[in-house]
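Thanks for making time. I have one structure to go through this morning, and I will keep to the geometry.

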Amino acid sequence: MGITEPDVMDCIAVLPPGLEEEGARELVGLGAQAVQPLRRAARCRVDLATLYRLHLQARLPFRILRQLGRFPCRGRDDLYWGVQEAADWAQWLPPEHTFRVDASGSAPGLNHSHYSALQVKNALVDWQRREWGQRSSVDLDDPDLALHLHLSPGRPGQTAEATLSVDGSGESLHRRGYRAAMGLAPLKENLAAGLIALTGWDGSVPLVDPLCGSGTLLIEAACRALGRAPGLGPTGPRAFALERWPDCDPALWDQEVKAARSLSQPGLTDGRPMAPIVGNEADPEVLAQARSNAAAAGVAEAVELRGGDFRAFEPPQGPGVLVCNPPYGERIGDRDELEELYADLGRMVKERCGGWQLWLLSGNPELTGALRMKASRRIPISNGGIDCRWLLYEIR
Ligand SMILES: C[S@@+](CC[C@H](N)C(=O)[O-])C[C@H]1O[C@@H](n2cnc3c(N)ncnc32)[C@H](O)[C@@H]1O
């Protein structure tokens, strides 16, 4: 898929820390070019169709930022004047449209994100007043234009830089719309999708989560295997901020929505039926949430959800892949009880899941010690700011 000037644009996909490489792979698979993993993000170049495709189909990013302008930023004045020249504001921000500015990073004299965002806002409304004698209102909740400023201080001896972008989703992409109900400490949907991608599970062998909570890992796995595009909610595509951009191309958008829809199928891409996906949860209320989430995501028939203690769990005919995000004490659970839980989990999988793989998200190395198993892979992942490891155990 070739990208020709002038419709090529630079974008940043904001990713969960630890999923940069996997996120970059996903962008490449969806047609993005010049993809480069960064810290908590990946850079890429796309045309408009690919940008739309990323919003509808990418499972890992929180958001996709489309760069409007990039300029040297030695201080407040550079930021003020640079913003005014960064884009064709007559197109992007007429005064009857609302906007919002988020900021991250720092540059000389610009160490507070809130202040930097305010400086961008002032530059824009001053420009509007000069141009039209009136200005846009700020709307923090549902603006017509969501702007993002990133300041990078640069290496010693280099000039700091400002990048001004527009956010194409508005609301974070991890909110798929299927999860009205959440158990305790649920994983974010994009993080769960990334963890599943890291396992390499392709739907051909059973997938089991013996402590499935509200079912996020299994629901994301089912959606991926059955080609359910994350941007197409159960009741049709959600509203995206990019639909309000001045260069929105409704015909191209419809074409990408149709293409995303056509990916959905009852079985695997090669026509085979999908292997069983089974979840187990001890808390009846949380189990009910998992069921309602799976139904809302349109994968209730693909995900079997059982109630009960994992100690009594009987896995389907294997071998297959176990995924698991047990409590680790930061948010829920009590220390001694948790050690016992991990020890019992280790015993259960060794007794009943010989030949399977176990992928476990650990936020506490002392607890995983109680499993009495040796991990063959340890992938650093941040789960809502908690430093975790996605651990692989080959069960003998
Ligand atoms: C950290 S949560 C899992 C969250 C899940 N990944 C999600 O996104 O919703 C751990 C879950 O393990 C469940 N659990 C704790 N002890 C259990 C046991 N003995 N048997 C089965 N489930 C248990 C808890 O009720 C809780 O829902």
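Predicted model: local features only at pLDDT ≥ 70, side-chain atom pairs only at ≥ 80, totals over all residues.

Domains to begin with. The chain is divided into domain 1, residues 9-167, and domain 2, which is made of 189-228 and 264-394. Their C-alpha centres are 36 Å apart. Across the boundary, 10 residues of domain 1 are in contact with 11 residues of domain 2. On the domain 1 side, the touching residues are six nonpolar, two polar and two charged.

Next, the ligand. How many residues surround the ligand, and which are the closest? There are 21 in the shell, and the closest are Leu211, Gly213, Ser214, Thr216 and Ala282. The elements that give two or more residues to this shell are helix H7, 216-225, and strand E11, 277-281. By class, the shell has 12 nonpolar, six polar and three charged residues.

Now helix H10, residues 335-352. With 18 residues at 1.5 Å a residue, H10 should span 26 Å, and its end C-alpha atoms are 26 Å apart, so expectation and model agree. Which residues of H10 are buried? They are Leu341, Tyr342, Leu345, Gly346 and Val349. Looking down the axis of H10, these buried residues fall within an arc of 135°, and therefore they line one face of the helix. As a reminder, an α-helix has 3.6 residues a turn, so residues three or four places apart point the same way. The buried residues of H10 pack against strand E13 (321-324), strand E14 (357-362) and helix H11 (365-369). On the face turned away from the buried side, H10 carries the exposed residues Asp336, Glu337, Glu340 and Glu351.

Last, the backbone. The peptide bond from Gly318 to Pro319 is cis, with omega near 0°. Where is Pro319? Pro319 sits in the loop between strand E12, 303-307, and E13.

Two arginines are also on my list. Arg40 has a phi near 60°, which is positive in a residue other than glycine. Arg40 belongs to the loop between strand E2, 33-38, and strand E3, 41-46. Arg40 counts as partly exposed because it has 18 C-beta neighbours inside 10 Å. For Arg372, phi is again a positive value near 60° in a residue other than glycine. Arg372 lies in the loop between H11 and strand E15, 377-383. Is Arg372 buried or exposed? Arg372 has 11 other C-beta atoms within 10 Å, so it is exposed.

That is what I had.

Terms used
Residues numbered from 1 in each chain as written. Helix = DSSP H or I, 4+ residues; strand = E, 2+ residues; numbered from the N terminus. Expected span 1.5 Å × (residues − 1). Buried ≥ 20, exposed ≤ 12 C-beta atoms within 10 Å, placed from the backbone. Arc of directions from axis to C-beta. Contact = placed C-beta atoms within 7 Å. Domains from an automatic or database assignment. Nonpolar A, V, L, I, M, F, W, Y, C, P; charged D, E, K, R; others polar. Near = placed C-beta within 6 Å.
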